[in-house]
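I opened the notebook to record what I looked up in this model. My entries follow the order in which I checked things.

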Amino acid sequence: MTGTRRTVAALFLLPALVLLGALVVYPIGYSIVRSFYNASGDGFAGVDNYKALFTDDGIRTALKNNVIWVVFAPTVSTALGLMFAVLTERVRWGTAFKLVVFMPMAISMLAAGIIFRLVYDQDPAKGVANAVWVGVHDTFAPSSAFPKAHPGRESPLRPDQGGFVTRAPVHAGRPVALPLVGVAPDQFPGDTKKAVAARPEPGKVTGTTWQDFTRGKGVGRLGAPDPSEPGYAGMRIEAMKDGTVVATTKAAADGTFTLPAEADGALLRLPAANFKEPYNGVDWLGPSLVTPAIIGSYVWMWAGFAMVLIAAGLAGVPRELLEAARVDGANEWQVFRRITVPLLAPVLAVVMVTLMINVLKVFDLVYIIAPGSSQDDANVLALELYRKGFAESQPGIASAIAVFLLLLVIPVMLFNIRRLRREVRR
């Protein structure tokens, strides 16, 4: 009877064992054998492919980035998951919040990569990250509306330290014309009005700064405001004597401005601050920030996974212990640090180990998000395996990378198996 049961059990296990052998054991064995052969596969290379793991610049960069991934991605994801699980435990809308945080897990890595490629776009009009960053920056340091403005033909202005200055001193009672060109119509401030010629005022220097350009050949007067020409609203004007600023003002919506008597006999300067290029945000996908940016997208996806597992573990924490600690005078931070976290240690270990195995195999996000110009800087082992095996036709080195990844994963898996066995014995 015992023999019959073993036969029946073997027959039931046979399909699974065949699939396991075909899909797992055979590929691993073939990769190990192939890693000792050259690119063509007809010559024994010994350990040369494994030497390349530590001498090839691309592989070394990938290895360094994998270390960064293993250290930061699981840690940040687990920390955020723990924070979300604890903070949402007592709020009424906690379930809805957990649902929202967990929703990215329903998105494939490919789709998430496309989303974050757009999020990190350099153009603030397209990339959400730079749109927010530029918005905050411009709140405290507004950008100029006239970065392309410059003097036109027969202009009374000349270049000076990034700005422009009048060629001759100005005098009270004589309106000054400060014409410029080069600003697109849609770039003018919203409060801009049509330019008007300034009126003379006794004892004061008045003038107009405006866009001295009217569409159409031979249309408009050069050096004088025309009905269709807009003023440079908000343009800063400085009066200078002997290199010292004696008075400043800003142009009104119609481009007119007024300076006090101290400006009489001074040179008028339009400082460089009027013409600085608008702040364009951070190059999130540049060589220095591309890896942290991609890790951020990974955390967005997997923090929900960590939160759900930790919340399940938190539900099994005895409430009597928490209440007893509060009765004994412990504050919430002490309860969290000395009771909640130690009791959740097994769950936190499961989450950390799972995420560590996951990040060692990360490929999709790096391949999709990192642009070609910085993909070398964002390289990881799984991506380098793909590049060596398919783009560079070096299957021997690609197999060596695969075996190396397997060796990295095995200790983490063994740790997880031992921990699970200890849990079963308890």
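I began with the domain centres. Taken over C-alpha atoms, the centres of domain 1 and domain 2 are 57 Å apart. Domain 1 covers 35–132 + 284–424, and domain 2 covers 150–274. These bounds come from an automatic or database domain assignment.

I noted the ground rules next. The model is predicted: local features need pLDDT of at least 70, side-chain atom pairs count only at pLDDT 80 or more, and totals for chains, interfaces and linings use all residues. Residues are numbered from 1 along each chain as its sequence is written, and side-chain values use heavy atoms, with hydrogens and water left out.

I then turned to the record. An unreviewed UniProt entry gives "transmembrane region" at residues 7–28, 67–87, 99–120, 298–318, 339–360 and 397–417. Such annotations may be inferred rather than shown by experiment; positions are in the numbering used here, and feature names are shortened. I checked two of these stretches. Residues 7–28 are 100% helix and 0% strand, with end C-alpha atoms 28 Å apart. Residues 99–120 are 68% helix and 0% strand, with end C-alpha atoms 25 Å apart. Helices (H or I, at least four residues) and strands (E, at least two) are DSSP runs, numbered from the N terminus.

Next came threonine 166. Is threonine 166 buried or exposed? Threonine 166 is buried, at a relative accessible area of 4%. I used these cut-offs: buried is under 20% relative accessible area, exposed over 50%, partly exposed in between (1.4 Å probe, protein chains only). Threonine 166 sits in strand 2. Leaving aside neighbours within four places in sequence, threonine 166 contacts Pro156, Leu157, Arg158, Leu178, Leu267 and Leu268. Contact here means heavy atoms within 4.5 Å.

I followed the strands from there. Strand 2 pairs with strand 8 (residues 267–270) in the antiparallel sense, over two bridges. Pairing requires at least two bridges found by DSSP. Phenylalanine 164 stands opposite leucine 270 in strand 8. Strand 5 (residues 236–241) also runs antiparallel to strand 8, joined by three bridges. There, methionine 240 has leucine 267 of strand 8 as its bridge partner.

Last, I looked up backbone angles. Most residues other than glycine have a negative phi. Glutamate 154 has a positive phi near 55°. Glutamate 154 lies in the loop between helix 6 (128–140) and strand 1 (157–160), and is exposed at 71% relative accessible area. Glutamine 161 has a positive phi near 50°. Its loop runs between strand 1 and strand 2 (163–166). Glutamine 161 is exposed at 69%.
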